Amino acid sequence: MIKSFLMLFSLLCLLLVVAIGHYLSYNRANHTIEDTSSLSGLSSFSWSVGYAEPRIRGYRIMQNPAYPQMQAINKMDFIYAQ
Amino acid sequence: MLNSTFLHFLTLLLFKQKSKHIGTVLVSVMLIFLLSSVLFISSSLESSLMKTLQGEADFTVTKLKAGETTQTPNEWMDKIEQINGISALSPRIYGRYFYAPKEKSFLIVGVDFFEEQNAKTIQKLIDGLDLKAFLSTDSMIVGAGVKQFLEAHYFKNYFTFKTSQGRFKKVKILSTLPSQHNLIANDMVLMPIELAREVLGMAEEEITDITFNVPNDAEWSTIIAKLHLMFNDVRVVEKKEIQKAYENLYNYKGGLFLILYLITLLTFVLILYQRYTMVYSSERKEIGILRAIGWSIQDILKLKFYENIIIVMVSFVLGVVLAYGYIFMLDAPLLSQIFLGGANLENYVVFTPVVPFGLLGSIFLFYAVPFLAAVLIPAWKIAVIPPKEAML
């Protein structure tokens with residue numbers, strides 16, 4: 001194998017090792033957002049949405065315009081289910 | 001065939017013809033980088049969301065008025081409590097405060113700090129917080145995004161809320177929530193329940209909604225039925241429904257990029273096929289010489305296969321590692337806005353590394369198989385020509 005190829009290979013391995021090292025050594029215990037969620041009782045993400053848009057999911061009809069068939073459960077669903 | 005001479009010849013060939021490969025590698029790296037970035041960010045957000053959802057109550061009950069949610073009467077709590085099989089019934093008080101001068105909004109959340117569990121959690125979140133001092137004056141704890149916004153608008157220690165009654169309420173900014181929690185707390189303002197009621201203009205007997213758990217899954221539909229029979233104007237939201245909505249949202253955003261990727265990949269493979277057809281036509285002589293000195297068609301194809309598998313591997317590893325660094329080390333500048341929005345306060349989120357290995361494997365297959373096919377088919381077409389003809 002020629003030297004340049006070995007160098008390229010080593011560089012790639014080094015990059016891979018750095019990424020794997022970061023993944024394995026990442027302190028997940030420090031980044032628990034469950035505490036804030038349990039304190040506020042809200043799990044919704046802090047989406048940077050306009051005032052007119054719902055900040056908390058689940059309190060408007062959860063219907064995605066891209067998936068009109070994705071209906072939220074509501075009173076009518078219940079009635080039809082009977 | 002895979003001896004050191006072959007490897008030497010292979011690597012020599014790769015570097016000798018590097019100008020031929022460099023463009024392919026660059027485009028491939030860019031494609032894989034973009035797709036992996038989107039998948040990484042979407043997987044990380046989804047995983048964080050699922051974790052926070054674990055703590056969410058099974059059901060949320062809200063009052064409806066004219067099809068829109070409105071304040072829920074406090075007395076509903078007593079009625080719901082009568083239903084058998086319900087546990088952890090609790091009221092929630094929250095709402096958005098609109099800061100008209102800058103058209104930004106904060107999420108005001110009322111927390112019962114007298115409850116032991118809440119007091120412990122807030123002290124765990126904020127080191128050295130004096131809860132007594134916090135509760136003795138009108139104070140609040142703000143998210144990092146709110147703090148940054150208020151400081152930029154000269155509200156260093158206090159902020160004056162304008163209540164719905166038109167009165168002004170001066171509230172002390174006591175502390176900031178850790179920036180690692182920006183994902184859910186960036187625009188959040190935590191304050192005692194009574195203060196939150198005053199700021200949001202809610203009456204004493206009103207709450208935003210009611211949450212509760214039903215430990216026995218089999219009773220869920222019965223509980224929903226009972227609630228609908230008990231109240232005429234109620235919306236019951238199940239946790240699993242919210243979970244499904246979130247999953248669909250991220251699958252939708254990730255899927256959109258996947259479709260774009262597939263279209264781009266198809267175009268790329270077509271270009272590659274045409275390009276290699278032309279390149280190999282000009283390399284007919286080279287392939288003819290190899291055939292003349294005794295290389296079989298299989299050997300030629302092996303050489304081209306290994307040559308291109310190296311290119312595929314280099315591009316894939318580079319693309320994925322760069323995407324990993326961009327998302328989890330640099331926290332995805334620009335791209336995070338697509339997933340988190342940018343209409344309100346700026347949000348700087350730390351993404352928890354989550355690597356979807358299954359998806360990465362699929363991307364590799366979707367990329368490597370068409371790539372190798374687009375390169376090997378033209379090579380095979382040349383290799384089957386008799387050497388004498390090929391060298392003409």
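Reply: L334(B) counts as exposed, because it has 8 C-beta neighbours inside 10 Å. For that label, C-beta atoms are placed from the backbone and the other ones within 10 Å are counted: 20 or more is buried, 12 or fewer is exposed, and in between is partly exposed. This is a predicted model, so local features need pLDDT of at least 70 and side-chain atom pairs count only at pLDDT 80 or more, while totals for chains, interfaces and linings use all residues. As for labels, residues are numbered from 1 along each chain as its sequence is written, with chains lettered from A and ligands numbered from 1 in the order in which they are written.

L334(B) isn't a glycine, yet its phi is positive, about 75 degrees. You'll find L334(B) in the loop between α12 and α13 (335-340) of chain B. Helices here are DSSP runs of H or I with at least four residues, strands are E runs of at least two, and both are numbered from the N terminus.

Now step back to α12(B) itself. Helix α1 (residues 3-25) of chain A packs against α12(B) at about 35 degrees, axes 10 Å apart. Those axes are lines fitted to C-alpha atoms over the stretch in contact, and angles run from 0 to 180 degrees between N-to-C directions. The touching residues are L12(A), L15(A), L16(A), A19(A) and H22(A) on α1(A), against V314(B), V317(B), V321(B), Y324(B), G325(B), F328(B) and M329(B) on α12(B); contact means backbone-placed C-beta atoms within 7 Å. By class that's 10 nonpolar, two polar and no charged. Ala, Val, Leu, Ile, Met, Phe, Trp, Tyr, Cys and Pro are the nonpolar set, Asp, Glu, Lys and Arg the charged one, and the others, Gly among them, are polar.

Zooming out again, the contact between the chains takes 72 residues from chain B and 47 residues from chain A. On chain B's side, helix α12 (residues 297-329) gives the most, with seven residues. That side of chain B splits into 38 nonpolar, 25 polar and nine charged residues.

One more loop is worth a look. E103(B), also not a glycine, has a positive phi of about 55 degrees. E103(B) lies between β4 (87-99) and β5 (104-111) of chain B, and counts as exposed because it has 11 C-beta neighbours inside 10 Å.

Conventions: Contact = placed C-beta atoms within 7 Å.
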